[in-house]
Amino acid sequence: MDARDGLPAAGESSGALIARFLGLHPRAIDLSLDRILRLLERLGAPHTRLPPVIHVAGTNGKGSTIAFMRAMLEAAGLAVHVYTSPHLVRFHERIRLGRRGAPGRFVDEATLVEALRACEEANAGDPVTVFEITTAAAFRLFADHPADALLLEVGLGGRFDATNVIDRPAAAVVTPVSLDHADFLGADVRAIAREKAGVFRRGRPAVIASQSHETSRELEEAALRVGARPVVGGQDFHAREENGRLIYEDAHGLLDLPLPRLVGRHQHVNAGAAIAALRAAALPGLDETAIERGLPQAAWPARMQRLRAGRLLALAPPGAELWLDGGHNPDGARAVAAALADLEERSPAPLALVVGMLATKDSAGFLAPFAGLTRDVIAVTIPGQEAARPAAEVAQLALAAGMRAETAASIEAALTAVSRRAWPRPPRILIAGSLYLAGAVLAANGTPPE
């Protein structure tokens, strides 16, 4: 074990512990919170000793919304815990421990191992999922380390997600909802929205990001049914770009803010939801100055992230732009395609698309929004993923969408293939289709999340 991780070489690693938890997975998944609640009670109920929680559900934009909130809260000098999933390169990315007056840091190896061991001992071999036991470990860490806020991302759905044991969140947020994980959450957006709305609580703010009228109405009705206080994007708050600024409006007034550095118009929706959530939560210490200072500082890896250095960039054609996005469903693809269209309008460049996807995702639906932007697709198989869709299948779907397509044996080989082509000007290269692929790219590039 690397000494930088804080664990002696003789110690058992977090990876070994998590691998052992796989053997505890229940044979039949019952959709309930019984297992996580049982384990938390054995640990002394850490979920009842947390700082004020902002609970974030949704299909797209959860991580970016949390990144905006963290940046603004930290700009106010507050200590902010963060729980997100999945990780891109190392599991430790899921748990960020806050520090007052400084950015939070990913949990170190020694601290993580201690928490995982405590959970394993408390669980005593009972059936539990890996997400449940690692969520319990995160709650234990968040309870034991003082902070001013906890930004808590739902893993899957909302109603029966292991994070949904919080009785009185400062606010709950649902970011844009679309079709994804239909086998678990439902076959239509309204059913999925009802699952996401499971994080709403009586008497607490229920912030609903701007989205389709039908979905927004479903979420608002769900909030009213449980007695939550809906705060609806496009109705109670608005965020829009105007003259190179982000204009945010709600009942408290208007904020004239710098644009986010996160690329794409969809990030204006996420920024608006983040500001609305922070205002609804009314956390002490946050003011308009912190919002203005924090908004342009927010960063979130693998969401229209431009790779400006690293090993992979050297394989691209000289002068090329290399972009990375982990979006993996049709709505995510439409948001990325719109961002690329905006980039093309400001700075024209031919687009090459490197795509790898899981077999469980709607690959044809993902590829369709790019058909009008590029005819050049190179398909790869996501390395190390049993559920990866073979590159040849992805290439066939790209051909069916009217694009030229070929396969490559690796990300490196795909970039080398792009470099062999004759381009009228340096191309813009997007690697996309999966967070698992994004993680492999960041690892290969030598630029993991920090």
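1. Helices (H or I, at least four residues) and strands (E, at least two) are taken here as DSSP runs, numbered from the N terminus. On that basis the chain has 15 helices and 17 strands. This is a predicted model, in which local features need pLDDT of at least 70 and side-chain atom pairs count only at pLDDT 80 or more, while totals for chains, interfaces and linings use all residues. Residues are numbered from 1 along each chain as its sequence is written, and side-chain values use heavy atoms, with hydrogens and water left out.

2. As to overall dimensions, the C-alpha trace spans about 65 × 55 × 45 Å along its principal axes. The radius of gyration, taken over C-alpha atoms, is 22 Å, which agrees with the value near 22 Å for a compact globule of 450 residues under the rule of 2.2 Å times the number of residues to the power 0.38. Of the 450 residues, 56% count as buried, where buried means under 20% relative accessible area, exposed over 50% and partly exposed in between (1.4 Å probe, protein chains only).

3. An unreviewed UniProt entry places the feature "domain: Mur ligase C-terminal" at residues 319–434; such positions are given in the numbering used here, feature names are shortened, and annotations may be inferred rather than shown by experiment. In the model this span is 36% helix and 20% strand, and its end C-alpha atoms lie 26 Å apart.

4. Two residues numbered within that span may be considered together. Pro390 sits in the loop between strand 15 (376–379) and helix 13 (391–400), and it counts as partly exposed because its relative accessibility is 38%; its C-alpha atom is separated by 7.4 Å from that of Val380, ten residues apart along the chain. Ala432, in strand 17 (residues 428–432), counts as buried at 2% relative accessibility, and 23 Å separates its C-alpha atom from that of Gly157, 275 residues apart along the chain.

5. Helix 5 (residues 130–144) has 15 residues and reaches 21 Å from its first C-alpha to its last, close to the 21 Å expected at 1.5 Å a residue, the expected span being 1.5 Å times one less than the number of residues. Helix 5 is also mostly covered, with 13 of its 15 residues buried.

6. Which residues lie nearest the centre of the second largest pocket? They are Arg261, Ala299, Trp300, Pro301 and Gln305, among a lining of 41 residues. Helix 3 (62–75), strand 4 (102–106) and strand 12 (305–306) are the elements that give two or more residues to this lining, and helix 3 provides the largest share, five residues. The lining has 22 nonpolar, eight polar and eleven charged residues, and the volume of the pocket is about 1,000 Å³.

7. Backbone geometry deserves a separate remark, since most residues other than glycine have a negative phi, and most peptide bonds are trans. The peptide bond from Ser85 to Pro86 is cis, with omega near -5 degrees, and Pro86 is in the loop between strand 2 (80–83) and strand 3 (95–99). Ala45, in the loop between helix 2 (34–42) and strand 1 (53–57), has a positive phi near 55 degrees and is buried, with a relative accessible area of 11%. Met304, in the loop between helix 10 (288–294) and strand 12, has a positive phi of about 45 degrees although it is not a glycine, and its relative accessible area of 3% makes Met304 buried.

How values were computed. On a 1 Å grid over the protein atoms alone, a cavity is a set of points where a 1.4 Å probe fits but cannot get out, and a pocket is an open set with protein on both sides within 12 Å along at least five of seven lines; lining residues have an atom within 4 Å of a point. Grid points are joined across faces, edges and corners, and a volume is the space filled by probe spheres set on the points. Ala, Val, Leu, Ile, Met, Phe, Trp, Tyr, Cys and Pro count as nonpolar, Asp, Glu, Lys and Arg as charged, and the others, Gly among them, as polar.
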